[in-house]
Amino acid sequence: MSNFCGYSNKEEKIYNEKNITDMNEKINFSKSTLKTLYMEDTFALASDVQPMSKIVNDKEYIITFNGTIYNADELKKELITLGYHFDTKSEEEIFLYCYIEYGEKCLHFFNGVYSFCIYNKTENLVFLGRDRLGVKPLFYYFDDSIFLFATRIKAILAHPSICPVLDKEGLMELIGLGPAHTPGKTYFKNILELKAGHYATLSNFKLKLTKYWDLTTKEFEDTPEETIEQIHNLVVSATKTEMTDTTCSMLSGGLDSSILSKIATDNKPNLTTFSIDYIGNDTNFVSNDYQLTKDSDYVKIMKDYLKTNHKTILIDNSSLYDLLQKSMIARDMPGMADIDTAMLAFCNSIKEHGYNTCLSGECSDEIFGGYPWYYKDHLVSHDGFPWALSEKLRSNIINPDIISKDSLNEYVTKARIDTLKDVVHLDYNDDYEKRFRNINYLTLKWFMNTLIERTERMSGCANLEVRIPFADYRIFEYVYNIPARMKLGLNKNTAPIEKYLLRKAFENELPEDIVYRKKSPFPKTYDPKYLKLVEDKMGEILENTTLKIHRIINVGFVKEMLHTHGENLTENWFGQLMTYPQTLAYLIQISDWLEIYHIHFDF
């Protein structure tokens, strides 16, 4: 993991290191004292490690890179046959030589997760990009005099030309869509996200954004049996590719993490697995429609079945609450409240056990059809985002003097419609297939992105590399085009079965209780002590009228919500993941964000 940042002035030369040093200090989590800067006339670049410089064919290139290329060895062998000589074992050198050989088309050759910056000094050209699914982040700011970029927003904010501003659009993102956000946008005015599967070039101080990859609709010809076999092969290949000698695995007892742990155990005896739980959940857990069972019962089945060196990480509710601010700072924006803080505490504990890389089963539900909105009619046919059926709650919480209910709903609706413009349907697709593909694409671009951001930011804060084999683009390209009815098992059954094909692909390798366990979300606390902590804090915020949050929320409604302990709510903020306690925690994060980041209002 190597964060980086940089900027390019249109005309003004860079005479000292202060600005780029200040930016780099915000993202140098390793606190390295090494000088890791590059400066040239109007361009400056900094990283956790020294940017690499190479002269090839009389052209000088500088590269900094964040991520991992899983097919690096294969690419290196090919480059050697083309006459390239390597001075290091780094992936940066492989990445740079691929760019020199193939230009911007090099991005089609990589299998990995990454963000990068390559500076062609000779031609004064800046080339930046992100991996296909956007696992690794990259943000930028561009106006008529300066171009700034960084893997963390905090580095851009450290430049003296930037003022942190929340305008009406950002407010509608924050309250209308948060903790999600429109792809390409942030909550900060004019600070943008380079979209997944995109690259950017800056030449003659003209910025050009280009999409180099997206999911495309194709005819699917494999039989169900061939499909199940191919899914098995792809998942095994991705998992083995992303393992290292020191890999451990997260294990929830769900289908996805159990599959990865099984594959990992087959290739690495004495695998260490980790699960997360909360102090008090053994007595406080309450079954509901989304979480029917406790993870701990199924974790025991799998750890005994695989004979792993298993460790359960118990999170206490005070720590969960105390990390709300730190997890917000890790994102640079309000996030998923204690769903974030639990992941941060989990990653911290795994790191403390001496591990640098860990497997996670995320991104399986999104592509294989693991969520209820893939098959429940009232969710599939909903005009909004089915994981956040909270239009009324959100319009009640936002200050109506700034944003009206109609304006907020129109903004959210437009965000959904704009996303679906990129979806292509085949001529013979019926309404069922079209609805499924629409909801699948929305989930991949919005819901999955929110979860990926959570894992990447929290693990990065803990200096732990979490690898996500299900996010292999080869899996996504193949499974995306499987017909909906086949994906949900409706060609064999009268009722849909979530992740049917994935279950079939591994049904002979896992205990039956695991294979057919109903999808259970990331665990959260049920302890009333946590609820009291966030209610008390929210009460303090409402009493302190000097806080900026009073400008943007409907204080009366939030007071009523607090007074009734959420009984006046008919909707969850973000589905089953964010109910009443998490709604309060999200508002607490918003308040902290406004104050700590010194946010100015533009409305």
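Threonine 265 is buried, with a relative accessible area of 18%. That value counts as buried because the cut-off is under 20%. The model is a predicted one. It holds 36 salt bridges and six cavities of 30 Å³ or more.

**Threonine 265 and helix H7**

- Threonine 265 sits in helix H7, which spans residues 255–267.
- A polar atom of the threonine 265 side chain lies 2.7 Å from the backbone oxygen of serine 261.
- Beyond its neighbours within four places in sequence, threonine 265 is in contact with Leu271, Leu306 and Thr308.
- Aspartate 401 is 136 residues away from threonine 265 along the chain, and their C-alpha atoms are separated by 57 Å.

**Aspartate 131: a buried charge**

- Aspartate 131 lies in the loop between strand E7 (125–130) and strand E8 (139–142).
- This aspartate is buried, yet it has no salt bridge.
- Two backbone nitrogens do come close to polar atoms of the aspartate 131 side chain: glycine 134 at 2.8 Å and valine 135 at 2.9 Å.
- Leaving out residues up to four places away in sequence, aspartate 131 touches Gly112, Val113, Tyr114, Lys136, Ala196, Gly197 and Tyr212.

**Salt bridges**

- Side chains of opposite charge can pair when their charged atoms come close.
- Lysine 18 pairs with aspartate 22, with the closest N and O atoms 2.9 Å apart. Both residues are in helix H1 (residues 18–27), four residues apart, or about one turn of the helix.
- Lysine 18 is exposed at 52% relative accessibility, while aspartate 22 is partly exposed at 23%.
- Lysine 499 pairs with aspartate 256, with the closest N and O atoms 3.0 Å apart. This pair links distant parts of the chain, 243 residues apart. Lysine 499 is in the loop between helix H19 (484–487) and helix H20 (500–506), and aspartate 256 is in helix H7.
- Both partners of that pair are buried: lysine 499 has a relative accessible area of 3%, and aspartate 256 has 8%.
- Lysine 504 pairs with glutamate 507, with the closest N and O atoms 3.1 Å apart. Lysine 504 is partly exposed at 26%, and glutamate 507 is partly exposed at 25%.
- Shared partners join Lys136, Arg152, Glu456 and Arg457 into one network of salt bridges.

**Cavities and pockets**

- The largest cavity contains about 630 Å³ of space.
- Its lining has 38 residues, and Ser252, Glu362, Lys519, Ser520 and Phe522 lie nearest the centre.
- Helix H7, strand E15 (272–278), helix H12 (338–352), helix H13 (364–368) and helix H17 (431–461) each give at least two residues to this lining. H17 supplies the largest share, five residues.
- The largest pocket has a volume of about 550 Å³. Its lining has 28 residues, with Pro183, Gly184, Lys195, Thr419 and Lys445 nearest the centre.
- Helix H16 (405–420) and H17 are the elements that give two or more residues to the lining of the largest pocket.

- Most residues other than glycine have a negative phi, and most peptide bonds are trans.
- Asparagine 57 has a positive phi of about 55°. This asparagine lies in the loop between strand E4 (52–56) and strand E5 (59–69), and is exposed at 66%.
- Asparagine 270 has a positive phi of about 60°. It is found in the loop between H7 and E15, and is exposed at 65%.
- Glycine 178 and proline 179 are joined by a cis peptide bond, with omega about 10°. Proline 179 lies in the loop between helix H5 (168–177) and strand E11 (192–193).

**Helix H5**

- H5 is mostly covered, with eight of its ten residues buried. Among them are Leu171, Met172, Leu174 and Ile175.
- At the start of H5, a side-chain oxygen of aspartate 167 reaches to within 3.3 Å of the backbone nitrogen of glutamate 169.

Conventions
Residues numbered from 1 in each chain as written. Predicted model: local features only at pLDDT ≥ 70, side-chain atom pairs only at ≥ 80, totals over all residues. Heavy atoms only, no water. Buried < 20%, exposed > 50% of the residue type's maximum accessible area, 1.4 Å probe, protein only. Lys, Arg positive; Asp, Glu negative; His and termini not counted. Salt bridge = Lys/Arg side-chain N within 4 Å of Asp/Glu carboxyl O. Polar contact = N/O pair within 3.5 Å; in protein donor to acceptor, adjacent residues only side chain to side chain. Contact = heavy atoms within 4.5 Å. 1 Å grid on protein atoms, 1.4 Å probe; cavity = no way out; pocket = protein on both sides within 12 Å on 5 of 7 lines; lining within 4 Å. Points joined across faces, edges and corners; volume = space filled by probe spheres on them.
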